[in-house]
Amino acid sequence: MAVSPSTREQLSQLLPLDNAELDQILSYTRTLPKDQAARHLTDLLGDSPEAAKFIQAFGEDPDVKVATPATTNNTIDTKSARHSAMDNKDSSTDGPPPSYAPPAGLPPALTPRPTSMVAAAKHRHTNKVIDAAHVRARDEQEMQQALQNLQYQYGIYNSDIEPEHETDYYCGCPIHRYQARKWNRYGVQDMWSRAVMYPGEKAYNDNPNQTVFSSNPYRLRVVSPFGYGVSTWGGVSRPVPSYHAQAIHQSIQLNNSLNQEAQAKINDREPKLDIWDEKALDTAMANLTVNGKKVNGEKAPMSRPDEKRRDSTPAVNAALEQPKASRLSSFRKSIGIKSSDERAIAKVEKAADKGNMLRDEILAEENGRWPDEQWRYIVAVYQDKVGMTGKIAQLRAHQPTQYLHLLRAGYFEPIPVAWATQASNPLKFSIEASSGWRGITPAWRGYEDTAEERLYWVLNHREGSVGMRMKPDFISEMNMARARMATAVDPPPLYFSADDTCHLQHTSEGYSKQVMPPPFHAYDRPETPTDDTMILLDVSGSMDFDPVRPIYEQFLITRWTPSTQPKNKDVAKAIIRRFTDAMANHDHQFTGYDLTTFSDKATFIGSVNHRNLNDMWLNVRLGGGTRVMTGWQKVKERHFQKHSESATYHPVYGWQAGPETPMLRLLLLLDGEATDMDEFELDLLGLSWAHVTIFLIGVDGCPHHHRHANELQRIGDVNHHVSFVDAQGNTPERFVTHELLKRHLGYDIPLREFTQMEELPAYSE
């Protein structure tokens, strides 16, 4: 049904979105029952008088045709839905249904029935989390960049510290202008909080004007990193190392405490009755009695005083114990006071109503997100590859409230391909516990962003996981980084090469000490002749910077000092040259290997080999941020365009590899942690057709480098399709290349074979 312009205009006054997004919200809301539609709009618009007036008018509109979840086009019958793919592995796993069409211009081998692609492309699903994410994404990246610029301007190098001003009054300085922009987003923050909060939780923010009635638990329990009573005579405050360390300790303790409390509360609020078993609810209601009579009007059987009634539903058995009749029962009934039996009945009826409503919401969300068999097949395969099929089924059956929250946030399906090129998406939202910017799971405090939160949720709930893989807190990360840094030793002398970059540039004498990689173990299958090797290169601005390392005072970075080593771009070029030469001798692919670069956007450079690398390098442009997902998406497109005959394409989830699709073997060169690295690692967990070998370039003696190396090691331990090698300072390039080739090719290459691979390939015209 078309959306009337007047309704859209009224909604636009309450929700500042474009017409397409408003139409999407209204169209989705019209498919809901009236009570669910009203609750959905209340979650989006709040409870202001203007919002309440719009919600009431929307519900009374005679043109709105409300459908129940059992009759809506996007839903299926309730009983049949309980036996669908989401209960366990359904019949769709016996074989994939017909595929969607590939993008225009690809080979005709994938052309399906003409209606499939059109219907899938037109499908638009929304919910309160998606709607709130659309609003938040409009300026999320801009606000993150504004904070980084402000920190740089005032010489604050720790990302967790926001600059503070000594004066309380507004003076128009950059700090106060940034704070004003933050306060203007409180409406967006409130909308996001209402969308992701669990029952019983309260939203809060860091508004300094709310002191007495603030529900912010961090306000009085975590010290400011700038300390108290430290005056700068109206200037900009400087963080104090001791107060900063104290604030970190207090935040970690409070995060852990609040996470445990929140998880326990939502676990306790889960339905006590099985919402998927109608017979259990019917039996519980049938066994209830009031004054010896059953609720359904039949007379209850007499029982001896020492007999105990046994209900078929243990969850309500304790609540339905029959008390002795009171002499005042008639009087209480006459004045409207319910008996204990009547209260028990009302309690079970209320629980049954809530369970039915929760079940209907889950079914509507599932059928809205995954409208056909192809969708459900892709989702089922993803859950199986990631190893979450059992956990998701357990959540759906026994913790449906948490299941619905995670379902709305897309936790159980592949990452949409459109997110890779967006400046901000639901996996790029900052999580700031002290400011009230929430995550998705009950235990969201302590994560940097929503991607990291989802990544660790998946790692903790995969089949075969032993214990909880908790994200290390900042202090633990720093301690582990310094411990790793202390294990560095001199590299093996037999890998010495006079033409290494550090020797040619004479940055300093000898190699830097290196952390030796663990002994190689072939977890993934070895390389085959059909595998496709590609190279993905980070060309962010830091690749061209003069290397510097941070100087810490406790956990506070106070300054930077230069490091005598080549620039990262020069080391990367040398490694690419050695790697491509060795690969050409190995697989005789003398035409070269596809090179793609990325920063804020991705660029395909071409196929590089020993002869054309210098010319191709002239096309490499350095500068910008580090968004690895843009490059990863470009690489995937190149791979599937080569092998499209064995793959299928989905308009939301992108390319899906088939059993005959060759494996992609990717060499990824980074000089630091990408802003979307967690999103990249999360995407790799669901893929079996790609193996990624990462070379991490670092500054000598830099804890940041070793923090990232430890993170990559944790990912590699649970995902054997990912491996990495790192180097710091003056790099022994032959040693690094040997270790990279072992992991890239999937077998332990003897030194003698590696030496033969190093010889210049015999290129032929």
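Arg578 is buried in this predicted model, with a relative accessible area of 18%. Because the cut-off for buried is under 20%, Arg578 counts as buried at its 18%. The side chain of Arg578 has a partner, Asp499, and the two meet in a salt bridge of 3.0 Å from N to O. Arg578 sits in helix H22 (residues 568–587), while Asp499 belongs to the loop between helix H20 (474–485) and helix H21 (501–505), so the bridge ties together parts that are 79 residues apart in sequence. Asp499 counts as partly exposed, at 45% relative accessibility. If you look around this pair, you will find that a network of salt bridges links Asp499, Asp500, Arg578, Glu733, Arg734 and Glu758.

How many salt bridges are there? The count comes to 35 salt bridges. In general, side chains of opposite charge can pair when their charged atoms come close. Let us visit two more of these pairs. The side chains of Arg438 and Glu201 form a salt bridge, 3.5 Å from N to O. This pair links distant parts of the chain, 237 residues apart: Arg438 is in the loop between helix H18 (400–408) and helix H19 (450–461), and Glu201 is in the loop between helix H10 (186–196) and helix H11 (241–269).

Asp594 counts as buried at 5% relative accessibility; Arg638, with a relative accessible area of 25%, is partly exposed.

Strand S6 leads us on to a sheet. Six strands form this open sheet, in the order S7-S6-S3-S10-S11-S12, and their pairing is mixed. Strand S7 (602–608) and strand S12 (722–728) stand at the edges with a single partner strand each, so one side of each is left without a neighbour in the sheet. On average, neighbouring strands are turned by 20° against each other, direction ignored. At one end of the order, strand S11 (residues 690–698) pairs with S12 in the parallel sense over seven bridges, and Thr693 stands opposite Ser723 in S12. Helix H26 (residues 703–718) packs on the sheet, where H26 touches strand S10 (664–670), S11 and S12, and the direction of H26 makes about 160° with that of S12.

Now turn to the nonpolar interior. In soluble globular proteins, nonpolar side chains tend to be buried together. The largest nonpolar core here has 72 residues, and those with the most contacts inside it are Leu11, Leu45, Trp192, Leu406, Phe412 and Trp457. Helix H19 gives the largest share of this core, six residues. Leaving out residues up to four places away in sequence, Trp457 touches Met388, Leu395, Leu406, Tyr411, Phe412 and Thr441. A second, separate core of 35 residues includes Tyr495, Ala582, Phe735 and Ile749.

Leu406 also brings us to helix H18, where it is one of the buried residues. H18 is mostly covered: nine of its nine residues are buried. Among them are Pro400, Tyr403, His405 and Arg408. After H18 comes Gly410, whose phi is positive, near 80°.

Gln554 is found in the loop between strand S4 (548–553) and strand S5 (556–562), and it is partly exposed, with a relative accessible area of 45%. His588 lies in the loop between H22 and S6 and counts as exposed at 54% relative accessibility.

One last stop is Gln144, in helix H8 (residues 140–153). Where does Gln144 make contact, leaving aside its neighbours within four places in sequence? Gln144 is in contact with Lys428, Phe429 and Ser430. Although Gln144 and Ser430 are 286 residues apart in sequence, their C-alpha atoms are 8.2 Å apart in space. Their side chains are joined by a polar contact of 3.0 Å.

Note on methods:
Residues numbered from 1 in each chain as written. Predicted model: local features only at pLDDT ≥ 70, side-chain atom pairs only at ≥ 80, totals over all residues. Heavy atoms only, no water. Helix = DSSP H or I, 4+ residues; strand = E, 2+ residues; numbered from the N terminus. Contact = heavy atoms within 4.5 Å. Polar contact = N/O pair within 3.5 Å; in protein donor to acceptor, adjacent residues only side chain to side chain. Salt bridge = Lys/Arg side-chain N within 4 Å of Asp/Glu carboxyl O. Buried < 20%, exposed > 50% of the residue type's maximum accessible area, 1.4 Å probe, protein only. Core = buried A, V, L, I, M, F, W, Y, C linked by side-chain atoms within 4.5 Å. Pairing = 2+ DSSP bridges. Axes fitted to C-alpha atoms, helices over the stretch in contact; angles between N-to-C directions.
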